[in-house]
Amino acid sequence: MLRIVGAGALSGLSRLSGGANMESWSFDWRAEGRTAGYVLRRAPSAAYMADRPFGHRDEAALVMAACAAGVRAPEVVGVLEPGDALGTGYVMRRGGGEGSPAEILADPPASLLGDLGRELAHIHAIPLETVPDAIPPMDTGAALAELKARFLSYGGDRPAIALAIRWCEDHLPDPAPPVLVHGDYRMGNVMAGVDGLAAVLDWELAHRGDAHEDLAFGCMSVWRFGQLDRPAFGLGSLDDYFAAYEGAGGTRVDVDRFRFWLVYRTLWWALGCLQMGQAWRSGADKTVERVVVGRRTAEQELDLVRLIEAEAPDAERDRALSASLDAAPAPMGEPTNAEMVEAVRDWIASAIKPASEGHAKFEAVVAMNALGIVLRDLGAGCRAEDKALADALLSGERTLAEAGLLAKLRRDVLDKCAVDSPKYAPLAAARAAWRG
């Protein structure tokens, strides 16, 4: 670290919570009587970088190119070298502003939605010749085929995911003029202050591709953090968002192309969640956060059914749902598995969490969430897997025009999400809409 920030004294080192893939560490560095704040962004393991199209050196170069183009990206001050013995990563100056979606959405700056639209237009205007060569192009058809292959490698047995893959295959758009796509442009990856947008973070998924992919990603239900009546980032209307983007020079928004990418990226994140579980199984990242995120697939399956159900006939959308299965009665003798899990969860809540700080407290909460999922799953009797149905949906043999199929999919995703993510805001909305 001395090589990057010079001689000085380290203080305030803490791991920042969140981040589905990379670690972020905040620290202060005091030198010559002044203290400056920095953030180290690094991979949790070498295995995490093995299959990525570009590494941290190219990511840092991209962030610097964005800064040079006037985009509100962090200032990179140095890239880790093997001799630093810290893995791969880079160091940025720590900026001001708030990054927590909950905090931002509780009282958002009045200009923030417009800022996000304008800033995205600025990102898409970055000259591609200034972008590192390692930043890859995206062929949408090939990327969809790769998602399908991953789905099959994970068992190919989730009907809602199979339905979405088939829908995307049937609605694949023509290629668009390529721009620099940020790839992760959403609440949680931006900083905001009283004056609006402060910084755009997390450029690890950048590529050359369709501008509508970035436009849609931040509007997914999961990234609106409960603000379902505000479809653009949980902040406001799509019309206002699109107007700000187009007004700053962004391409004219095509609503059909936007909808394709909304379904595609929801599908992508469903498989991304499953991939988190695979990362835990492989040993690439054995944190409890990985297995919990793996169970968030149910959220995206619920959203996929909600996005695609418009394809079904009116009669199927109006069909009543069947009742959920009743839980088996609990035995009265020795403590059950559910009671033992509950005891451990309560112990973490009362003895471990209160004594923890920073990332350790975050991990305690994640562990409690994991045990909560197990506790609900033990009594639910529902499964997401149905290989025969998934195969039939993937092939097009069965469609939402079939009597009762949409009702079955709705019941299945409701019950699975109730186990894995009972506080997920779209779950309550879906229950009300489907009368489930």
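This dialogue explains how to read several features of a predicted model.

User: Is α5 mostly covered or mostly uncovered?

Analyst: Helix α5 is mostly covered, with 11 of its 13 residues buried. Among these buried residues are L112, L113, L116, L120 and I123, together with D115, E119 and H124.

User: Which elements cover the buried residues of α5?

Analyst: The covering elements include the helices α4 (101-106), α8 (211-217) and α9 (238-247). They also include the strands β6 (179-181), β7 (190-193) and β8 (196-200).

User: Which residues of α10 and α12 make the contact?

Analyst: On the α10 side, the contact includes R259, L262, V263, T266, W269 and C273; on the α12 side, it includes T297, Q300, D303, L304 and L307. By class, the residues of this contact comprise 10 nonpolar, three polar and two charged.

User: How does α12 lie against α17?

Analyst: The axes of α12 and helix α17 (residues 405-420) come within 8 Å and cross at roughly 150 degrees. The two helices are therefore roughly antiparallel to each other, and α12 passes α17 in a left-handed crossing. From α12, the residues A298, E299, E301, L302 and V305 take part, and they meet residues of α17 including L406, L409, R410, V413 and K416. This contact has eight nonpolar, no polar and five charged residues.

User: At what angle do α14 and α15 cross?

Analyst: Helix α14 (residues 337-352) and helix α15 (residues 358-380) cross at roughly 160 degrees, and their axes come within 9 Å. That makes α14 roughly antiparallel to α15; the crossing is left-handed. Residues in contact include V341, V344, I348 and I352 of α14, and A364, M368, L371 and L375 of α15. The classes here are 13 nonpolar, two polar and two charged.

User: Let us turn to the loops. Where is E32, and what is its phi?

Analyst: Most residues other than glycine have a negative phi. E32 has a phi near 50 degrees, a positive value in a residue other than glycine. Its place is in the loop between β2 (23-31) and β3 (34-42). At 76% relative accessibility, E32 counts as exposed, because the cut-off for that class is over 50%.

User: What is the phi of D202, and where does D202 lie?

Analyst: D202 has a positive phi, near 55 degrees, and it lies in the loop between β8 and β9 (207-209).

User: Finally, how far apart are G396 and R166 in sequence and in space?

Analyst: G396 and R166 are 230 residues apart in sequence and 7.1 Å apart in space, C-alpha to C-alpha. G396 is found in the loop between α16 (387-395) and α17. At 27% relative accessibility, G396 counts as partly exposed.

Conventions:
Residues are numbered from 1 along each chain as its sequence is written. This is a predicted model: local features need pLDDT of at least 70, side-chain atom pairs count only at pLDDT 80 or more; totals for chains, interfaces and linings use all residues. Side-chain values use heavy atoms; hydrogens and water are left out. Buried means under 20% relative accessible area, exposed over 50%, partly exposed in between (1.4 Å probe, protein chains only). Helices (H or I, at least four residues) and strands (E, at least two) are DSSP runs, numbered from the N terminus. Contact means heavy atoms within 4.5 Å. Ala, Val, Leu, Ile, Met, Phe, Trp, Tyr, Cys and Pro count as nonpolar, Asp, Glu, Lys and Arg as charged, and the others, Gly among them, as polar. Axes are lines fitted to C-alpha atoms, for helices over the stretch in contact, and angles run from 0 to 180 degrees between N-to-C directions. Angles under 35 degrees count as roughly parallel, over 145 as roughly antiparallel, 65 to 115 as roughly perpendicular and the rest as oblique. A crossing is left-handed if the near helix is turned anticlockwise from the far one by less than a right angle, and right-handed if clockwise.
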